[in-house]
Amino acid sequence: MGLLEGKRAMVTGGSRGIGLEIALEFAREGADVAIADYAPDEANAKAVEQLAAAGSGGAFALRGDVSDPEFAKEAATRMKDSLGGCDILINNAGVTADGLILRMKPEDFERVVRINLNGAFYMLKEMSVLMVKQRSGRIVNMSSVSGVNGNPGQANYASSKAGLVGLTKSAAKELGSRGITVNAIAPGFINTPMTQQLTEKQIEASLARVPLGRMGEPADIAHLAAFLASDKASYITGQVICVDGGIVM
Ligand code: NAD
């Protein structure tokens, strides 16, 4: 029997990268998985095909922007109507718009925070309504080592990811008595379309900070997400777990 047999999961930003790998891992572990992503319809449809092939019977994709509170409401309604509820929320959708503070435009600061942090709050708020009724649930927010350590050129991104740490801990304290756990994963330097945009020089500089000396793979994050989302992690809440080859220690 899979680790997540019979669970109903929503993964934001699930059409590619870390989100897709988490969604596929959940499907392989027996969950019905839905994704919410603003990627083009073809990308979402391809992900749903892969999810169905991995064993997720009720897989579906919702196209939309997590920074729109109405989209979060729509996502919760769809989870209830199509799957009967939501046991697991993975707040994974995220963007970067790097630049030094002196040159960073206010709109680039606000957009990154709105998607990475506000978006996670809207989804958490709507899905936790379903979870409170069930008196059980698992929420995992995708933070970053940038949110824990800070990072030059990422004032917007690091602020949003540090904000997720506060959201995680506050929600863990509010929702614990309802059987809901809330944790954060802080990935380090992971091989995805997001990091494939970096120059060779940037990649070299990032790798120099990794004691294990290599990039992580999306599967490294997905394995922990599956554990945190499972019944085996029922006594872990409010934690920020770095999966980073040793960057933060
Ligand atoms: P990615 O760019 O490959 O994938 C992000 C996904 O989120 C995409 O499918 C994109 O369409 C979706 N998305 C972005 N904004 C959205 C929005 N407003 N509404 C709906 N969907 C949206 O990135 P990734 O590397 O897989 O990263 C996934 C998460 O992990 C992000 O939150 C990122 O900040 C975090 N993270 C990544 C790394 C890394 O090294 N790759 C490190 C630390 C944290």
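Me: At what angle do the axes of α1 and helix α2 (residues 41-53) cross?

Reply: The axes of α1 and α2 cross at roughly 25° and come within 8 Å. Axes here are lines fitted to C-alpha atoms, for helices over the stretch in contact, and angles run from 0 to 180 degrees between N-to-C directions. The model is predicted: local features need pLDDT of at least 70, side-chain atom pairs count only at pLDDT 80 or more, and totals for chains, interfaces and linings use all residues. Residues are numbered from 1 along each chain as its sequence is written, and side-chain values use heavy atoms, with hydrogens and water left out.

Me: Why is α1 called roughly parallel to α2?

Reply: Angles under 35 degrees count as roughly parallel, over 145 as roughly antiparallel, 65 to 115 as roughly perpendicular and the rest as oblique. The crossing angle is roughly 25°, and therefore α1 is roughly parallel to α2.

Me: Which residues make the contact of α1 with α2?

Reply: Leu-20, Ala-23, Leu-24 and Ala-27 of α1 meet Ala-47, Gln-50 and Leu-51 of α2, where contact means heavy atoms within 4.5 Å. By class, this contact has 6 nonpolar residues, 1 polar and no charged ones. Ala, Val, Leu, Ile, Met, Phe, Trp, Tyr, Cys and Pro count as nonpolar, Asp, Glu, Lys and Arg as charged, and the others, Gly among them, as polar.

Me: What makes α1 oblique to α9?

Reply: Helix α1 (residues 17-28) and helix α9 (residues 218-229) pack at about 50°, with their axes 8 Å apart. That angle makes α1 oblique to α9. On the α1 side, the contact residues include Gly-17, Ile-18 and Phe-26, and on the α9 side they include Pro-218, Ile-221 and His-223. The contact residues divide into 10 nonpolar, 2 polar and 2 charged.

Me: Why is α3 called roughly parallel to α4?

Reply: The axes of helix α3 (residues 69-83) and α4 cross at roughly 30° and come within 8 Å. This angle makes α3 roughly parallel to α4. Among the residues in the contact are Phe-71 and Met-79 of α3, with Tyr-122 and Leu-130 of α4. The division by class is 10 nonpolar, no polar and 3 charged.

Me: How many residues surround the ligand, and which are the closest?

Reply: The ligand is surrounded by 28 residues, of which Arg-16, Asp-37, Asn-92, Tyr-157 and Thr-192 are the closest. Ile-18 has a backbone N or O atom 2.8 Å from an oxygen atom of the ligand. A backbone N or O atom of Val-66 lies 3.0 Å from a ligand nitrogen atom, and a polar backbone atom of Gly-188 is 3.3 Å from a ligand oxygen atom.

Me: What is the phi of Arg-135, and where is this residue?

Reply: Phi of Arg-135 is near 60°, a positive value in a residue other than glycine. Arg-135 is placed in the loop between α4 (106-134) and β5 (137-142).

Definitions and conventions. Helix = DSSP H or I, 4+ residues; strand = E, 2+ residues; numbered from the N terminus. Near = heavy atom within 4 Å. Polar contact = N/O pair within 3.5 Å; in protein donor to acceptor, adjacent residues only side chain to side chain.
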